[in-house]
Amino acid sequence: MAVDLYDDNRWVYFLSPRDFLDERMAFTALNYDILSLGMNLSPGIENIMKYYINVECVPKLFLNYTKQIKGQQDDICSPDNPYRSLVPEPIVPKEPGIEYYSFLDSLGFGSPDFLYASIAFREDHSPIHTFMKSVLDIKEFGLKPISDTTPEEWMEHARESLGRVIRFKDNAFLDLLLATAYVRQICDSIQALTSEQKEDIKGFYSNRNPDVADMILEYNDNLSEWAQSDNAIQKYEIVDVDSVRAEDLERYIMSRHKGRKVVVDFWNTWCGSCLNSHKIIRKHKKRLSEQGYDFVYIADNSNAAQWEDMVKYIGGEHYLINGKSLKGIWDIYGYPTLFIYDENGNRIVSGNANVYRVLGINKE
């Protein structure tokens, strides 16, 4: 049963949103067939398996049309592609319209049965939270952060918006969607619930599902611990330097941090050692920030879509400079490569071991 449910690298560059959706539906159906091949499953278990695949697949396979096109564009339109002359001008992908999302109804998300499937196979991982967050991010639905909105008002808007494409049989989907909106405030924005929100949550779920209220409040109680976890979105900024010449890049970056010391981290999305370095340094960022340090991350050979997804969990200031030559400016021989600059923009420390030592970080 070694089937890749997350195979989002198939060739889709020339597909319209409608064709893209048809291809994804066909691929999901193929997963059903392969996973059940030679297995004598009862109708109930087979149904649960289908919902499980749906919950796992939707965020990766169905909700990334624009990112898929842009990501593959990097490869197709690269000057290094020997077939570049055969490819038409770069495609400007169109965001799918509201009708595109009718697949959510086709895949059965109007039924409460999908909730059982989301936890049926792996006790240590329920994909339902990732799935619900991806639904919150669909622009066509226009779902706002929960903020000071009452649960009743937010739910009414969500039901009206999603009801255009999903025929709900009960409140299970929307109840969890609302809970995810609260959890997103807590875990992604690192913002504790107000006393009014706590009372709203208790009152709203009291006659629906008190366990959901308890889950939200538990996240809130563990906020300080969550803020230090690898899954929490950090404060970050993406800086566009397409118009900045490579020879001016170092000066440009330092001009943004006058009076602050700067740690510059060269990394790429495919570099496991880089990600491990990020985790190590992350534990010390609060202390180092108070000591006057800013953090700058530069990727020079990464898939743009994947990079954009990853930087929010790293924090700091981010640059993607695919195609810019750094020779003679920064000579990078491996990843990660770290430097420290002083308050006047002068490079004062080179070499990863030296940087760790100056920062007071024991890598082990």
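This briefing walks through a protein chain, from its overall build to a few individual residues.

The model is predicted, so local features need pLDDT of at least 70 and side-chain atom pairs count only at pLDDT 80 or more, while totals for chains, interfaces and linings use all residues. Residues are numbered from 1 along each chain as its sequence is written, and side-chain values use heavy atoms, leaving out hydrogens and water.

**The whole chain**

- The protein chain has 16 helices and six strands; these are DSSP runs (helices are H or I with at least four residues, strands are E with at least two), numbered from the N terminus.
- Its C-alpha atoms fill a box of roughly 65 × 60 × 35 Å, taken along the principal axes.
- Of the 364 residues in the protein chain, 46% are buried. Buried means under 20% relative accessible area, exposed means over 50%, and partly exposed lies in between (1.4 Å probe, protein chains only).
- Take the contacts (heavy atoms within 4.5 Å) between residues at least 6 apart in sequence: 70% of them join residues at least 24 apart.

**Covered places**

- Helix H6 spans residues 128-136 and is mostly covered, with seven of its nine residues buried.
- Those buried in H6 include Ile-128, Phe-131, Met-132 and Lys-133.
- His-318 sits in strand S4, which covers residues 316-320.
- His-318 is buried, because its relative accessible area is 0%.
- Leaving aside residues up to four places away in sequence, His-318 touches Tyr-236, Glu-237, Ile-238, Val-239, Trp-267, Tyr-297, Trp-307 and Val-311.

**A charged patch on the surface**

- Glu-152, Glu-153, Glu-156 and Glu-160 form a negative surface patch.
- A patch is made of residues with over 30% relative accessible area and no salt bridge; like charges are joined within 9 Å, and nonpolar side chains (Val, Leu, Ile, Met, Phe, Trp, Tyr) within 5 Å.
- A salt bridge is a side-chain nitrogen of Lys or Arg within 4 Å of a carboxyl oxygen of Asp or Glu.
- Asp and Glu count as negative, Lys and Arg as positive, and His and the chain ends are not counted.
- Glu-156 belongs to helix H7, residues 151-162. Glu-156 counts as exposed because its relative accessibility is 56%.

**A loop residue**

- Ser-189 lies in the loop between helix H8 (172-187) and helix H9 (195-205).
- With a relative accessible area of 47%, Ser-189 is partly exposed.
- Ser-189 and Gln-234 are 45 residues apart along the chain, and their C-alpha atoms are separated by 8.0 Å.

Notes:
Areas by Shrake-Rupley, 256 points an atom, 1.4 Å probe, with all protein chains shown as cover. Charge placed at Lys NZ, Arg CZ, Asp CG, Glu CD.
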